Amino acid sequence: MRIVLKVGSSTLTEGGQLSLARIDALAELMASLHPHHELLLVSSGAVAAGSGVVPGLSRENTADRQAMAAVGQALLMRHYAKSFEPHGIRVAQILLTKDDFNSFSHSENAKSAIGTLLRHKVIPIVNENDTVVIDELLRGDNDQLSAKVAFHFDADLLVILSDIDGYYDHNPKTHPKAKRLSCVHTISAEALNALPSPNGDFATGGIVTKLKAADFLMQRGKQMFLASGFDLKPVRRFLLEGAQEGGTLFCPR
Ligand code: ADP
C-alpha cells in the first residue's frame, strides 16, 4: 500500500520549539511501517524550526515568516535525516505548491521523481515551497496539500497526525462531552465552510482544513485517517494490524 502521512506543527513543536523527541517517534513509527508500505511524509514545522535562529525576524510579518521557514526547512530536514539514519532509511526533500498540481508537466515530473525515490526505498518528505507560495504559512494548507499529494501520487491512504485524536461531533476543546466519530462517510457543507479553529501558536488550519482534505479524497474514492500525533499507538495498530482503537476513518461509501 502507498501511504502519505502528514504531520502538523502542533505535533512537531513543544513550547514553540521543534520537538526532536516527536521527530524521533515519528521516524520510529515510519521505520516500522517501511518494510510493508511505500511511505511519503508531508511535514510542517519549518517556521518552528527556524524560529529564533536568525535574530530580529518576527512571526507577525509574512516576509519574516518566509525567511524563518527557509532557514527552518533546512534544519527540519537535517533533523529528519538524523532521526531516520539509525533505521537505515534515507529521506529526500520535495518542495511543492498547489499550483504544481495544475501543471501537467510539473506534477508528472514530481510523480516520476517520487516513483524513483520509492523504488529505492527513500522516503520523500514534502512541504509547501514557502518561498514562492504562502498558503500554508497563513492558513495551514498543508492539510490540503497532503490530500493533493495523496491523490496525484496514487496513494491508497492519507494519514493526518494532529494534536487531536480524531474528529468529534463538537469541538472537544469547548465541548467536554464531545464524542469522537470512528467512521465518517460524508461531510456537510456547513462543516466544510466553518471558520478555522486552530489550536496553538504554530497551528494555522484547525479541523476545517482536515475536513476539506478528507472531502477532497472521499470525492475521489480515497480514504483518510485522522489520528493523534502524540500517542502513535492507534495509528501504528491501524496501519500494521488493521485494528481501529482510536482516530477517525474518513471513507466513501
Ligand atoms: P495541526 O497543527 O495538528 O494540524 P490544528 O490545531 O490546526 O492541528 O487542528 C486541530 C484542532 O482543531 C483541535 O486541537 C481542536 O482544537 C480543533 N477542533 C475544532 N473542532 C473540532 C472537532 N469537531 N473535532 C476535532 N477537533 C476540532
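Helices here are DSSP runs of H or I with at least four residues, strands are runs of E with at least two, and both are numbered from the N terminus. This is a predicted model, in which local features need pLDDT of at least 70, side-chain atom pairs count only at pLDDT 80 or more, and totals for chains, interfaces and linings use all residues. Residues are numbered from 1 along each chain as its sequence is written, and side-chain values use heavy atoms, with hydrogens and water left out.

**View 1. Thr209 sits in helix H9 (residues 207-219).** Thr209 is buried, with a relative accessible area of 7%; buried means under 20%, exposed over 50% and partly exposed in between, using a 1.4 Å probe and protein chains only. A polar atom of the Thr209 side chain lies 3.2 Å from the backbone oxygen of Gly206. That is a polar contact: a pair of N or O atoms within 3.5 Å, where within protein one must be able to donate a hydrogen and the other to accept it, and residues adjacent in sequence count only if both atoms are side-chain atoms.

**View 2. The ligand has 20 residues around it.** A residue counts as near if one of its heavy atoms lies within 4 Å. The closest are Ser10, Ser162, Lys173, Gly206 and Lys210. Helix H1 (9-12), strand S8 (167-168) and H9 each bring at least two residues to this shell. By type, the shell splits into six nonpolar, ten polar and four charged residues. In that count Ala, Val, Leu, Ile, Met, Phe, Trp, Tyr, Cys and Pro are nonpolar, Asp, Glu, Lys and Arg are charged, and the others, Gly among them, are polar.

**View 3. Strand S7 (157-162) is mostly covered, with six of its six residues buried.** Leu157, Val159 and Leu161 point one way, while Leu158, Ile160 and Ser162 point the other. S7 pairs with S1 in the parallel sense over five bridges, and with strand S11 (residues 223-228) in the parallel sense over six bridges; two strands pair if DSSP finds at least two bridges between them. Leu161 is the bridge partner of Val7, and Ser162 stands opposite Ser228 in S11.

**View 4. The open sheet has eight strands with mixed pairing.** Their order is S5-S6-S4-S1-S7-S11-S12-S10. Strand S5 (91-96) and strand S10 (183-184) are at the edges with a single partner strand each, so one side of each has no neighbour in the sheet.

View 5. Most residues other than glycine have a negative phi.
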